[in-house]
Amino acid sequence: MTYVETSDKNNRPVPYYLAVEEVLARRRQASDCLLMWQVDPSVIFGRNQLMRNEVDIDYCRQHGISTFRRKSGGGCVYADRGNIMLSLVTRADSVATSYNRYTTMLLWALQQMGISATANGRNDILIGGRKVSGNAFYHLGHSNIVHGTLLYDTTMSHMTGALTPPKEKLRSKGVESIHQHVTLLKEHTTMSIGQVKDSIRQLLCADTYRLTAAEEAEAEAIMQEYQSRDFICGHDPAYTVERRGRIEGVGNFDISITLRNNVIKAMALSGDFFAVGDIEKGIIEPLINTPLNRESLLSRLPESLDHIVMNLRRDNLAAILLTADPTAAHDESSLQKTENQQTR
């Protein structure tokens with residue numbers, strides 16, 4: 001197998017390495033290729049996942065954690081500098097064959113380092129029954145790409161804070177939290193993360209290949225797709241959020257908002273307020289196809305909505321639309337804080 005070096009200097013975002021995988025899959029005709037990489041705190045979710053079901057978006061924004069979508073299936077993962085990412089690009093006949101070969105090689109390498117790792121039969125590598133590596137795969141052109149994580153010293157507080165898997169998925173594994181389900185490689189070896197990477201490379205690779213300038217340029221072009229909002233959010237189906245709040249002097253509001261990629265697609269508004277005009281034409285229709293952020297909401301509505309709902313102002317309505325916290329409906333500082341988190 002050939003180890004692939006890039007000119008990244010170990011400080012590129014996730015999309016760069018996903019793009020390098022594609023370049024190798026399209027251009028390399030000969031031997032299997034192995035790539036190892038590390039990134040700043042990032043969440044990477046599968047091609048068919050609904051981001052808002054898997055990721056605590058507010059937590060990620062507050063802690064500077066980037067979010068990306070990959071082209072392979074499987075579940076959502078958290079990665080940072082304490083995590084080794086591995087990519088295998090191969091011309092093997094089937095994706096299943098490539099995946100089995102990848103896991104067999106990684107298991108063998110870990111065992112050669114004195115680490116008692118096992119596979120669970122699906123897509124995880126375990127130590128002592130706890131996950132240390134999760135993997136995914138897909139087919140591209142005439143090649144198969146298998147990539148995954150190897151948790152060495154990942155920041156567990158960020159992993160548990162950023163990832164929000166369905167509770168039934170955790171219950172099916174007999175655990176109560178992500179932290180109970182995973183383990184860190186550093187707990188099972190005295191080797192440093194650099195030594196682990198060097199050992200994997202020496203055990204699995206016979207030679208080295210460095211990307212050409214043309215291949216680097218091609219990777220730079222491909223990564224733009226991975227970084228686009230359309231790709232990151234484009235596979236998300238529409239979803240509904242509920243907003244409730246009370247505005248003093250106006251009344252209680254119950255609002256159901258259908259969103260796609262955080263853009264309003266439909267809305268239903270009810271409550272004990274006094275309607276004096278056409279809510280559908282005066283409030284709902286102007287907000288259809290509007291991004292759910294403060295600037296966009298305020299740009300589509302007049303400052304006073306008193307001609308539609310008695311005593312209603314757009315700032316108060318925007319506050320309810322932006323947060324489930326009723327107090328924010330009449331607290332401008334809370335509104336601004338919420339908006340900063342949503343647009344950061």
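Tutor: The sheet is open and has three strands in the order β4-β3-β5, with mixed pairing. Strands here are DSSP runs of E with at least two residues, helices are runs of H or I with at least four, and both are numbered from the N terminus; two strands pair if DSSP finds at least two bridges between them. β4 (66-69) and β5 (77-79) are the edge strands, each with a single partner strand, so one side of each has no neighbour in the sheet. From one strand to the next the twist averages 25°, where axes are lines fitted to C-alpha atoms and angles run from 0 to 180 degrees between N-to-C directions. Strand β3 (residues 42-45) pairs with β5 in the antiparallel sense over three bridges, and Ile44 has Val77 in β5 as its bridge partner. In general, strands of a sheet pair through backbone hydrogen bonds, either parallel or antiparallel.

This is a predicted model, in which local features need pLDDT of at least 70, side-chain atom pairs count only at pLDDT 80 or more, and totals for chains, interfaces and linings use all residues. Residues are numbered from 1 along each chain as its sequence is written, and side-chain values use heavy atoms, with hydrogens and water left out.

Thr240 has Thr258 in β13 as its bridge partner. The hairpin of these two strands has three residues between them, and Gly249 takes a positive phi near 80° there. Strand β12 (residues 239-247) has a covered face of Tyr239, Val241, Arg243, Gly245 and Ile247, while Thr240, Glu242, Arg244 and Arg246 make up the uncovered one.

Rings of Phe, Tyr and Trp (its six-membered ring) pair if their centres lie within 6.5 Å; planes under 30 degrees apart count as stacked, over 60 as edge-to-face and the rest as tilted. For Phe253 and Phe273 the centres are 4.6 Å apart and the planes at 20°, so the pair is stacked. Phe253 is buried at 1% relative accessibility, and Phe273 is buried at 11%; buried means under 20% relative accessible area, exposed over 50%, and partly exposed in between (1.4 Å probe, protein chains only).

The whole structure has five aromatic pairs. One of them, Tyr99 with Phe137, is tilted, at 5.0 Å centre to centre and 45° between the planes. Tyr99 belongs to helix α4 (residues 95-112) and Phe137 to strand β9 (residues 130-140), 38 residues apart. Tyr99 is buried at 7%, whereas Phe137 counts as partly exposed at 35%. Ring pairs also link Tyr16, Tyr17 and Trp37 into a cluster.

As for the chain, it has 14 helices and 14 strands, and 54% of its 344 residues count as buried. Among contacts (heavy atoms within 4.5 Å) with a separation of 6 or more, 66% join residues 24 or more positions apart.
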